[in-house]
Amino acid sequence: MKLTTLLTTAALATGIASASMADAIRMGTEGAYPPYNFVNDAGEVDGFEREVGDALCERAELECTWVTNDWDSIIPNLVSGNYDTIIAGMSITDERDEVIDFTSEYFPPDPSTYVALAGYDGDLSGAVVAAQTSTIQASYIASSGATLVEFATPEETVAAVRNGEADAVLADDAFLADIVNASNGELAFTGEPVSIGGGIGMGIRESDTELKDKMNAAIASIKADGTLTALIAKWFDGRMVKY
Amino acid sequence: MSCAQTFTDYAFRALGYGERALPKADISLCEQIVLIGSGLIWNVYFAVVALGFGFFFASLVAFGRASDRKWLSLPAATFIFLVRGSPLFIQFFIVYETFVLLPKVGWDINLGFIEIGIETRWLTRAWLGAAIVLFLNTSAYTAQIFYGALKSVPRGDIEAARAIGMNTVQINRRIIWPTMLRLAWPSYTNEAIFLFHATALVFFSSFPAWQQRGDSLYYASYFADKTFNPFVPYPIIAGFFILFTILLILLFGWANKRLNRHLS
Amino acid sequence: MFNHCADPSLVDGLSWWSCYLTTGKHINFYQSFLVVFALLLLTVPIILAFGFAGALARRSRMLPVRWFGLGYTSMVRGIPDIIFFLFVPIAMDQGIEYLRHQWKCSDWLEPVRQGNDFVVCTAAKMPLGISPQWVHETYGFLLATLAFAIVFGAFAANTLHGALGAVPKAQLETAAAFGMSRGQIFRRIHLPQMWAYALPGLSNLWMILIKATPLLFLLGVEDIVYWARELGGTKTARFAYPHPDWRLGYFLVLLVFYLGLTWVSEKFFNNLTRRVSKGQTTIGGTV
């Protein structure tokens with residue numbers, strides 16, 4: 001019974017959508033997490049995900065507009081329809097998957113790493129660790145023995161390590177790599193990387209199955225012809241990912 | 001899990017007692033109410049500390065502002081202008097950023113019978129740092145209210161007090177100060193409500209939450225984030241605030257009666 | 001902007017600053033100051049309208065209307081504005097879309113709430129999905145304006161209610177003795193007299209409104225706080241103009257802006273008070 005309702009729903013949605021919507025969708029991102037996504041000096045959304053998103057939209061023949069939204073409210077604003085996709089370095093997790101749907105991944109699972117002031121050699125399991133609120137890293141530290149300090153933006157988590165508020169920061173490896181490189185030896189990686197969360201996928205409303213299918217097809221297509229591999233190499237210091 | 005169990009687990013979670021892990025999946029209404037209520041302890045704490053200390057400091061600043069001596073009135077006026085002229089949100093940010101830049105040092109202060117360690121890093125913790133910001137904020141607003149009331153104290157009262165031989169200190173303490181309070185009380189009640197509401201900004205702006213101990217808004221946004229539904233936790237916290245605002249108004253109304261009890 | 005800015009890595013000193021301060025992002029930052037002014041100017045008439053409606057409702061002769069007025073003013077006074085802003089705009093947005101959905105797509109069979117999703121037909125979307133970005137931004141801004149107006153309208157209602165009650169009864173009775181109707185008394189005597197009593201409260205409200213504008217970014221509007229945070233954040237070599245964490249500097253600029261704005265406002269209101277209270281029997285009034 002439930003299945004039938006679902007099927008008709010999908011069919012109806014498809015019918016109406018293709019009839020009236022001129023294939024324009026809105027892409028929601030955070031715009032504060034280089035190299036995944038950031039706002040460049042011209043004031044436009046830029047970064048790895050900007051290029052991936054634009055490539056996907058081209059393949060799926062969609063007209064895409066980019067919007068930025070604070071990380072805290074990025075999912076509520078998707079489900080209430082302020083934009084149609086989340087493309088913001090969001091790891092695919094079971095918790096999130098209960099509320100929204102994910103496309104297949106366009107970036108492999110990235111280990112999370114700790115960064116501390118250079119020369120730090122304390123025991124991370126009992127340390128004070130900074131993380132961004134409502135990230136997988138924050139819930140990982142909360143359930144470990146370490147002391148969690150939460151900040152609203154990635155920027156503040158790194159600042160907390162610099163000014164001694166926290167011993168270390170836990171975040172995606174690629175985000176921290178940039179920061180460590182630019183710090184002139186002030187900051188350094190420490191401890192072992194931890195694997196939390198799956199790969200990164202695009203978040204889409206559960207009711208929006210049509211868009212999800214389109215995006216999945218587009219992702220498969222940019223994986224197949226090597227476009228994605230090239231983009232990853234471009235934005236992540238030559239990292240090689242085979243699809 | 002029964003609601004009573006939830007209560008024992010989480011009623012004091014905001015202070016770090018009870019169950020360490022916050023609810024993650026299948027979040028019940030009871031869990032939301034208990035945890036948001038637990039966070040309210042911090043809102044009440046901030047309000048009590050800021051209003052309690054701010055009241056006396058504001059009285060001093062108001063008298064300073066009204067003073068004929070320039071070296072007293074100028075700093076008081078500047079302080080009032082700086083604080084009242086800028087948004088609390090930005091004050092929080094700037095003060096926090098300044099506090100984290102301070103060198104992290106500690107002193108031991110020997111009081112003879114007990115030794116107290118004081119550390120500057122406490123300033124970056126919400127319990128001290130945010131309390132200081134709120135204290136300074138309410139002091140400035142209250143001082144302005146008190147200063148306005150001070151100027152409306154009837155001249156006749158002061159002359160009568162002088163006539164029966166009171167000295168300046170006595171006049172200030174027994175005549176001017178109580179009259180000023182009486183005149184300022186309605187506006188001061190409003191300021192207290194604003195300050196209580198402003199405590200919701202503490203963890204929302206700059207001060208980080210340690211080990212997931214935060215105020216009621218911290219937990220409300222935690223639930224809004226976990227359940228992805230803002231329409232349950234935010235009305236709950238709104239209800240809590242309405243309730244406590246009513247309590248605050250009753251308390252101040254009672255104080256007002258006491259201040260005016262000699263008037264028919 | 002300038003020709004010498006074509007390659008930012010080659011410039012330094014003053015010319016670096018001239019390039020840095022004129023990037024597209026900085027232009028956005030400067031424009032966002034206009035957003036703050038636009039919000040202030042747009043909300044004021046709506047706040048006054050809500051305030052009058054609330055104040056008149058509280059003085060109404062019909063009990064339910066009076067209750068409504070009292071409920072509105074005391075409820076909004078009891079909730080911190082920040083919490084109000086966190087869910088009321090989303091609720092308003094969904095409410096508007098729901099009404100449009102009922103009106104435009106009455107043949108739509110599926111429920112509007114599907115699990116966590118809020119789904120309305122494409123034609124009911126506010127604004128339409130195909131609208132350009134500026135329409136979306138304007139719509140978001142108008143929702144924010146409305147949210148501000150609801151909150152501050154309640155405070156204005158309180159002030160206006162008090163001011164209407166403060167006009168000396170004798171004046172109104174005299175007017176009635178002259179044979180004026182209720183409407184005439186209100187328009188010709190009560191209302192003009194009321195302003196002198198309402199002005200201190202309203203000027204105070206204006207100051208509070210100015211200082212509440214940084215909360216705009218909570219409502220998803222790209223205001224000065226948003227850009228200050230964005231511009232001040234550490235910029236790695238990926239950006240054309242790398243720099244360390246400069247957020248404190250940008251926030252100090254905001255601080256100066258707000259101090260200036262409140263200072264000018266205070267001067268303006270002092271002048272206005274002097275003018276309005278001319279001939280009034282209050283302390284500030286000159287006979």
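Contact here means heavy atoms within 4.5 Å.

## Basis of the model

This is a predicted model, in which local features need pLDDT of at least 70 and side-chain atom pairs count only at pLDDT 80 or more, while totals for chains, interfaces and linings use all residues. Residues are numbered from 1 along each chain as its sequence is written, chains are lettered from A and ligands numbered from 1 in the order in which they are written, and side-chain values use heavy atoms, with hydrogens and water left out.

## Chains A and C

Chain A brings 42 residues to the contact and chain C brings 36 residues. The buried area, meaning the accessible area (1.4 Å probe) that two parts lose on being put together, summed over both, is about 3100 Å² between chain A and chain C, with 50% of it given by carbon and sulfur atoms.

Between chain A and chain C there is 1 salt bridge (a side-chain nitrogen of Lys or Arg within 4 Å of a carboxyl oxygen of Asp or Glu). Arg229(C) forms a salt bridge with Asp70(A), and their closest N and O atoms are 3.4 Å apart.

## Thr124(B)

Thr124(B) is buried, at a relative accessible area of 1% (buried means under 20%, exposed over 50%, partly exposed in between; 1.4 Å probe, protein chains only). Leaving aside residues up to four places away in sequence, Thr124(B) touches Tyr96(B), Phe99(B), Val100(B), Phe207(B) and Pro208(B), as well as Glu165(A).
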